[in-house]
Amino acid sequence: KPHPEESRSRVAQYLKEASGIGLKDGVVILDGDAAEAVALADIVLTGYSTSALDAALRQTPVICVTDGDVPYPVDIAAIVDAPRARSADELCEIIDAYRADPAAMTVRARSLIDHEHQFVEGPGPRLRQLIDDVLASGPGALRNPSDLPPSLFLDGPHPAYPV
């Protein structure tokens with residue numbers, strides 16, 4: 001499933017690469033939404049996408065793929081406890097390990113659900129407790145008003161992250 005920002009020409013490049021190594025017949029391009037792709041997947045490969053969260057909530061194994069040691073502003077791999085593949089060789093090793101023993105990655109795929117109970121219980125109880133704690137702590141207890149930025153919008157330049 002291509003990312004919504006990927007153009008048809010980029011998808012054509014992927015197919016050309018797959019064809020060049022004799023794997024074009026094994027590639028299926030899905031036109032549906034990301035949730036549908038995640039529901040169909042045995043493993044979700046993503047660089048930096050919330051589809052990793054969708055997969056983790058479904059307890060589908062995730063592999064976070066980057067080209068080298070790319071630092072993203074939010075560590076999706078850590079959030080969903082997914083292995084990182086920083087090269088094609090690492091990706092092959094992780095997939096081979098999954099094929100040999102899917103149970104290990106399947107157990108790991110439960111990590112988000114096991115540690116973030118609000119996805120099972122809902123946000124209500126914790127949210128109510130947080131609000132009660134904030135109200136009990138009084139004005140300025142969380143952040144001194146003088147420490148707040150003058151605007152809700154951050155000044156640029158903003159970094160671009162390769163995907």
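Helices (H or I, at least four residues) and strands (E, at least two) on this tour are DSSP runs, numbered from the N terminus. The model is predicted: local features need pLDDT of at least 70, side-chain atom pairs count only at pLDDT 80 or more, and totals for chains, interfaces and linings use all residues. Residues are numbered from 1 along each chain as its sequence is written, and side-chain values use heavy atoms, with hydrogens and water left out.

**Stop 1**

Select residues 124-137. This is helix H9, with 14 residues. The expected span of a helix is 1.5 Å times one less than its number of residues. For H9 that gives 20 Å, and the end C-alpha atoms are 20 Å apart, so the two agree. Step on to Gly138, which follows H9. Its phi is positive, near 85°.

Now go to residues 8-20, helix H1. Its 13 residues should span 18 Å, and the end C-alpha atoms are 18 Å apart, which agrees. Just after H1 comes Gly22, with a positive phi of about 75°.

**Stop 2**

Most residues other than glycine have a negative phi. Two exceptions follow.

Select Gln59. It sits in the loop between H3 and S2. Gln59 is partly exposed, with a relative accessible area of 29%. Here buried means under 20% relative accessible area, exposed over 50%, and partly exposed in between (1.4 Å probe, protein chains only).

Next, Asp81. Look in the loop between H4 and strand S3 (84-85). Phi of Asp81 is positive too, near 55°. At 31% relative accessibility, Asp81 is partly exposed.

**Stop 3: the cavity**

On a 1 Å grid over the protein atoms alone, a cavity is a set of points where a 1.4 Å probe fits but cannot get out; a pocket is an open set with protein on both sides within 12 Å along at least five of seven lines; lining residues have an atom within 4 Å of a point. Grid points are joined across faces, edges and corners, and a volume is the space filled by probe spheres set on the points.

How many cavities of 30 Å³ or more are there? The count is one. The largest cavity has a volume of about 60 Å³. Its lining has eight nonpolar, one polar and two charged residues. Ala, Val, Leu, Ile, Met, Phe, Trp, Tyr, Cys and Pro count as nonpolar, Asp, Glu, Lys and Arg as charged, and the others, Gly among them, as polar.

Ala109 is buried, at 6% relative accessibility. Draw a distance to Pro123: 21 Å, C-alpha to C-alpha, across 14 residues of sequence.

**Stop 4: the largest pocket**

Select Lys1, Glu6, Tyr14, Leu45 and Thr46. Of the 43 residues that line the largest pocket, these are the closest to its centre. The volume of this pocket is about 1,900 Å³. Elements giving two or more residues to the lining are H1, helix H2 (34-40), S1, H3 and helix H5 (88-100). Which element gives the largest share? H5 does, with four residues. By class, the pocket lining has 26 nonpolar, 10 polar and seven charged residues.

**Stop 5: two tyrosines**

Show Tyr48 and Tyr72. The structure holds one aromatic pair, and this is it: stacked, 4.6 Å centre to centre, with 10° between the planes. Rings of Phe, Tyr and Trp (its six-membered ring) pair if their centres lie within 6.5 Å; planes under 30 degrees apart count as stacked, over 60 as edge-to-face and the rest as tilted.

The pair links distant parts of the chain, 24 residues apart. Tyr48 is in the loop between strand S1 (44-46) and helix H3 (51-57). Tyr72 is in the loop between strand S2 (62-65) and helix H4 (76-80). Tyr48 is partly exposed at 29%, whereas Tyr72 is buried at 17%.

**Stop 6: two cysteines**

Finish with Cys64 and Cys92. A disulfide is a pair of cysteine sulfur atoms within 2.5 Å. The count by this rule is zero. Cys64 is in no disulfide, and the nearest cysteine sulfur, that of Cys92, is 17 Å away. That distance is too far for a bond. Cys64 is buried, with a relative accessible area of 3%. Cys92 is partly exposed, at 45%.
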